[in-house]
Amino acid sequence: MRTPHDLTTPRRAAALGSALAAVLALSGCGADVTSDDAKAGGKVTVNRCGEPVRYTVPERAVAYEGGSADKLFALGLTDHVYGYVMPPANPPVSESPWASEYAKVKMLSDDLLNKEVVVEAKSDFVVAGWNSGFKDERGITPEILDKLGIQSFMHTESCFNYPRHPERKTPFEALYTDFERLGRIFRVEKKAAQVVDGLKKRVAAVEAKAPAGKRVPVFLYDSGTDQPFTAGNQVPPNDMIKAAGGRNVFDGLDERWTQVNWEAVTEAEPEVVVILDYGDLPAKKKIDFLKKSPHTRELPAVRKNNFFVLDYNEGISGPRNIDGLEKLATYLRGLGR
């Protein structure tokens, strides 16, 4: 058994009195949490991907991208969030269901996540995905932050290819797991359970209305002209397409966001193309390209103009996945095949 990594970031000692420790001992549950840790010094053990890590309650969290911030805001943790880093791919935060919460915290950078921003913010907790926010090449990883005494949390969906401590769950299960784990770290387990229950009910309602019979083949187009980037079976759009009654034409790829070739897209004959709409790479440009490219202009979806635009923050791991699912399901039901 691996020994939990002990993170010793300072925090408000007075907030962790004996009464709170007793509450934590009663409320901590599940394989990810060791309630004895909550009794001893106000720490709780929660998995960070496949690695057990000891956490204190964060007070100056930094969130990278909309999915991370949305998860914290959905749990009512605005007072624990110092700020966010929002790269150009993200649409404006004013479009978020939690726009009022974004307005209460600081916009720290409109670039990629880096160690300097986190250190300057005096952050005690960073939420991001592996290979998106955290990345060896940019010099910011959980291990690097551990050495600085800064706690970190990775989206479970991104743990699929995390070195040394990988973890595999279906994308929707990974989303629910994130809420449960964040709920334990911030000692808001009851709120986390309510959020997860609400999301599961919405997914179940969509699945109950999914068209019967053969599933419509769907191609997700992320980006790329020479070769397209698309969704394998380890990212949220795969579960969204499936729950809505469609079939991701690349659901056989055991990957997250991945590159394929146009020949494979042509052979799949998708009847619907889902366009991931970036803040800095709008859907219209992608649709125009697909209509003109000799690789795609004769695809059934393109000829029929069957394009569904998926907001960036509905496609990356976060509570807005379910908003995107509901919209996609309505669209597929309306095709009238």
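## Salt bridges in the model

A salt bridge here is a side-chain nitrogen of Lys or Arg within 4 Å of a carboxyl oxygen of Asp or Glu. Side chains of opposite charge can pair when their charged atoms come close. Lys71 and Asp178 form such a bridge, with 2.6 Å from N to O. The whole structure holds 15 salt bridges.

This is a predicted model: local features need pLDDT of at least 70, side-chain atom pairs count only at pLDDT 80 or more, and totals for chains, interfaces and linings use all residues. Residues are numbered from 1 along each chain as its sequence is written, and side-chain values use heavy atoms, with hydrogens and water left out.

## Helix H3 and its partners

Helices are DSSP runs (H or I, at least four residues), numbered from the N terminus. Lys71 sits in helix H3 and Asp178 in helix H7 (residues 171-185). The two residues are 107 apart in the chain, so their bridge links distant parts. Both Lys71 and Asp178 are buried, meaning under 20% relative accessible area (1.4 Å probe, protein chains only); exposed means over 50%, and partly exposed lies in between.

Asp70 pairs with Arg320, their closest N and O atoms being 2.6 Å apart. Arg320 belongs to helix H14 (residues 320-333) and Asp70 to H3 (residues 65-74), so this bridge ties together parts that are 250 residues apart in sequence. Arg320 and Asp70 are buried too.

H3 itself is mostly covered, with 10 of its 10 residues buried. Among them are Glu65, Ser68 and Phe73. Just after H3, Gly76 adopts a positive phi of about 75 degrees.

Asp197 and Lys201 meet in a salt bridge of 3.2 Å, N to O. They are 4 residues apart in helix H8 (residues 189-209), so about one helical turn separates them. Asp197 is partly exposed, at 36% relative accessible area. Lys201 is exposed, at 56%.

Arg187 lies in the loop between H7 and H8. This residue is buried yet has no salt bridge. Its nearest side chain of opposite charge is Glu189, 6.1 Å away; Lys and Arg count as positive, Asp and Glu as negative, and His and the chain ends are not counted. A polar atom of the Arg187 side chain does lie 2.6 Å from the backbone oxygen of Ile185.

Methods. Polar contact = N/O pair within 3.5 Å; in protein donor to acceptor, adjacent residues only side chain to side chain.
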